[in-house]
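Subject: Structure handover

Hello,

I am passing on the structure we talked about. Please look it over first, then read the notes below it.

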Amino acid sequence: MLQQTTVAAVVPFYQRFLQRFPTLKSLSDASIEEVLPLWAGLGYYSRARNLHAMAQVVTTRHGGEFPRELSDVLNLPGVGRYTAGAVTSIAFDAPSPIVDANVARVFSRLFLLEGDLKNGANQKRLWHEAELLANSGAIPSQLNPALMELGALICTPRAPKCEACPVSDFCGAFAANRQNELPHATTKRPFIELRDACAFIQRDNMVFLRQRSHEAKIWWRGMWELPRVTAQSDESCEAALRRLLRDEFGVEANIGAALKSISHGVTHHHIELTCFAVQIEIEPHGGEWFEWDEIGHLALPSAMKSLLTWLRKHNGQPPEQLTLL
């Protein structure tokens, strides 16, 4: 959960997740449909799928006991070099190196590393220094958390607190007065703007949703949503929604008022999602009808969950028809 997510954001999800899955076996025995709702809102849902797959591998291949060897941990689904090093050093006191963003920033200043820290030469140097430290005789379960905390609390991206730093006497950047210059900023990928539309179809207090594919490498795999489509550059959102409902659900739709727009991001994409009231004459295929109370138990992407919460509160009415309570 802590991969690419802050501790403050993770804590409530972590507590709920452990309450539902207190052991590896309980997680292994569950279906992915049971796991995803407890992850909804954290994003990066491949982590949930990998965690679920990891529990199954540990159960079948390691007798239900989490492996202690770095090489075995590296072979688990979703586990990379940093995660494996963090787990084995903190949990088992193994002399495993770690390099996360905080540690990389500390090392870039200590050793005056120039250029993009993600390039091959710098990555090799970062991991080399981490390995030297890991095998220096320090207690791994103390050393690695201390390195991460040093970067998070003292050697911060801006205005590092060099006067409070326990290693400032050995810091190349501090000696050269370059601590505010390093590490060098990297060029960020430009955002891709997308226009998405979704259909709010309601019948007898039930809402029509579809489940995204489990197999394809797409966003929000296996999660539930209002029928949703990305508009092409030469079409309106309404036209895109008619195309989706005709081609995938076999219905000709009457696209009504725009009910709500939500802006959100996925990786380097910025998405403007607009929800339309939609009426159909025949039963659509490829989805399911849910009562409002049932929807709360489904795995929903966070933006879709926010949108459905708003729709329920406002009875799916266009903004100009809303009655404020």
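What follows is an account of what was found in it.

Overall picture

Please keep in mind that this is a predicted model. The chain has 325 residues, and 44% of them count as buried. Its secondary structure comes to 13 helices and 8 strands. Taken along the principal axes, the C-alpha atoms fill a box of roughly 75 × 50 × 40 Å.

Salt bridges

Side chains of opposite charge can pair when their charged atoms come close. The structure holds 13 salt bridges, and a few of them are described here.

Because Arg 210 lies in strand β3 (residues 206-211) and Glu 225 in strand β4 (residues 224-225), the pair ties together parts that are 15 residues apart in sequence. Both Arg 210 and Glu 225 are buried.

Glu 225 has another partner: Arg 212 forms a salt bridge with Glu 225, and the closest N and O atoms are 2.9 Å apart. This pair links distant parts of the chain, with Arg 212 in the loop between β3 and β4 and Glu 225 in strand β4, 13 residues apart. Arg 212 is buried, with a relative accessible area of 15%. Glu 225 has a relative accessibility of 0%, so Glu 225 counts as buried. Through shared partners, salt bridges join Arg 210, Arg 212, Glu 225 and Glu 248 into one network.

Cavity and pocket

How many cavities of 30 Å³ or more does the count give? The count comes to 1 cavity. The volume of the largest cavity is about 110 Å³. Its lining is made of 14 residues, and those nearest the centre are Arg 109, Cys 155, Cys 162, Cys 165 and Cys 171. Helix α7 (residues 101-110) supplies the largest share of this lining, with 3 residues. By type, the lining of the largest cavity divides into 10 nonpolar, 2 polar and 2 charged residues.

The second largest pocket holds about 480 Å³ of space. It is lined by 17 residues, and Tyr 44, Tyr 45, Trp 219, Trp 220 and Val 266 lie nearest its centre. At least two lining residues come from each of α4 (46-61), β6 (253-266) and α13 (302-313). Which of these elements gives the most to the lining? That is β6, with 3 residues. The lining of the second largest pocket consists of 8 nonpolar, 6 polar and 3 charged residues.

Surface

Leu 2, Val 7 and Val 11 make a nonpolar surface patch of about 260 Å². Val 7 sits in helix α1 (residues 7-20). With a relative accessibility of 54%, which is over the 50% cut-off, Val 7 counts as exposed.

Backbone details

- A cis peptide bond joins Leu 182 and Pro 183, with omega at about -5°. Pro 183 is in the loop between α10 (172-175) and β1.
- Asp 93 has a phi near 55°, a positive value in a residue other than glycine. Asp 93 is in the loop between α6 (81-92) and α7, and at 39% relative accessibility Asp 93 counts as partly exposed.
- Asn 205 is not a glycine either, yet its phi is positive, at about 65°. Asn 205 is in the loop between β2 (202-203) and β3.

Regards

Technical notes
Residues are numbered from 1 along each chain as its sequence is written. This is a predicted model: local features need pLDDT of at least 70, side-chain atom pairs count only at pLDDT 80 or more; totals for chains, interfaces and linings use all residues. Side-chain values use heavy atoms; hydrogens and water are left out. On a 1 Å grid over the protein atoms alone, a cavity is a set of points where a 1.4 Å probe fits but cannot get out, and a pocket is an open set with protein on both sides within 12 Å along at least five of seven lines; lining residues have an atom within 4 Å of a point. Grid points are joined across faces, edges and corners, and a volume is the space filled by probe spheres set on the points. Helices (H or I, at least four residues) and strands (E, at least two) are DSSP runs, numbered from the N terminus. Ala, Val, Leu, Ile, Met, Phe, Trp, Tyr, Cys and Pro count as nonpolar, Asp, Glu, Lys and Arg as charged, and the others, Gly among them, as polar. Patches are made of residues with over 30% relative accessible area and no salt bridge: like charges are joined within 9 Å, nonpolar side chains (Val, Leu, Ile, Met, Phe, Trp, Tyr) within 5 Å. Accessible areas come from the Shrake-Rupley method with a 1.4 Å probe; for residues, only the protein chains shown count as cover. A salt bridge is a side-chain nitrogen of Lys or Arg within 4 Å of a carboxyl oxygen of Asp or Glu. Buried means under 20% relative accessible area, exposed over 50%, partly exposed in between (1.4 Å probe, protein chains only).
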